[in-house]
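Morning, everyone. I have one structure to walk through. Please look at the screen.

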Amino acid sequence: MSYTLQDFCAEIHKILVVENNEDGREKVRQRLEKLLTNETFVEQFCGSDKPVGVHKLNEDPTTGAVVLSHVVGAGTMSPPHDHGESWAIYGQAKEYTVMREWDCADHNYGDGNVTLKQTREYRLDPGQVGLFNPGVIHSIEYPDAARFVRVTGVDLDRIDRKAYNLKHKTVRTIRAESADQA
Ligand SMILES: [Fe+2]
């Protein structure tokens with residue numbers, strides 16, 4: 001029997017209810033590797049005929065964890081950003097993603113003075129899964145037609161995040177979308 005999206009969601013629910021911590025995140029990362037070995041799942045949610053966009057596959061009402069498929073049209077490199085207090089786990093389905101982590105040396109920055117230093121870089125090929133821990137500044141770079149599955153600790157639209165501009169050395173806060181703004 002192959003490991004399905006439903007199996008994955010049920011299992012990460014059980015994990016995160018008791019271990020919403022580093023050990024639990026590593027277990028979720030490993031389960032996503034297992035899910036990506038299911039070719040039927042990959043074709044169903046990340047196949048070449050899928051419409052470009054971000055598709056929500058599941059949201060756990062108890063733990064808050066969200067599972068998304070990212071179906072990319074044109075490749076790009078995201079600006080460095082964080083996810084506030086949420087972690088994020090990225091599992092590659094098609095093509096690849098270059099994952100980078102950054103450190104912001106000076107937290108008493110003013111605009112025009114925000115300098116980031118890259119601390120880590122690795123590449124995810126299909127079937128591989130990476131993890132960004134809470135608060136980690138990161139960026140991703142991927143080619144045309146890349147597809148990946150992302151699991152976040154909470155719905156990122158509901159929390160404040162920071163986005164950095166390397167060229168202008170600035171940072172801005174992306175505010176949570178409140179329900180009444182939707
Ligand atoms: Fe991110």
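β3 and β8 run antiparallel and are joined by two bridges. Strands here are DSSP runs of E, at least two residues, and helices are runs of H or I, at least four, numbered from the N terminus. Two strands pair if DSSP finds at least two bridges between them. Take Met77: its bridge partner in β8 is Glu141.

A caution: this is a predicted model, where local features need pLDDT of at least 70, side-chain atom pairs count only at pLDDT 80 or more, and totals for chains, interfaces and linings use all residues. Residues are numbered from 1 along each chain as its sequence is written.

Now the whole sheet. It is open, with four strands in the order β3-β8-β5-β6 and antiparallel pairing. β3 (76-77) and β6 are the edge strands, each pairing on one side only.

Next, Asp111. It sits in the loop between β5 (97-104) and β6 (116-124). Is Asp111 buried or exposed? Exposed, because it has 11 C-beta neighbours inside 10 Å.

Last, the core. The largest nonpolar core has 32 residues. Such a core is a set of buried Ala, Val, Leu, Ile, Met, Phe, Trp, Tyr and Cys residues joined through C-beta atoms within 7 Å. Ile12, Val28, Leu32, Ile89, Tyr90, Ala93 and Val151 touch the most other members.

Key. A residue is buried if 20 or more other C-beta atoms lie within 10 Å of its own, exposed if 12 or fewer, and partly exposed in between; C-beta atoms are placed from the backbone.
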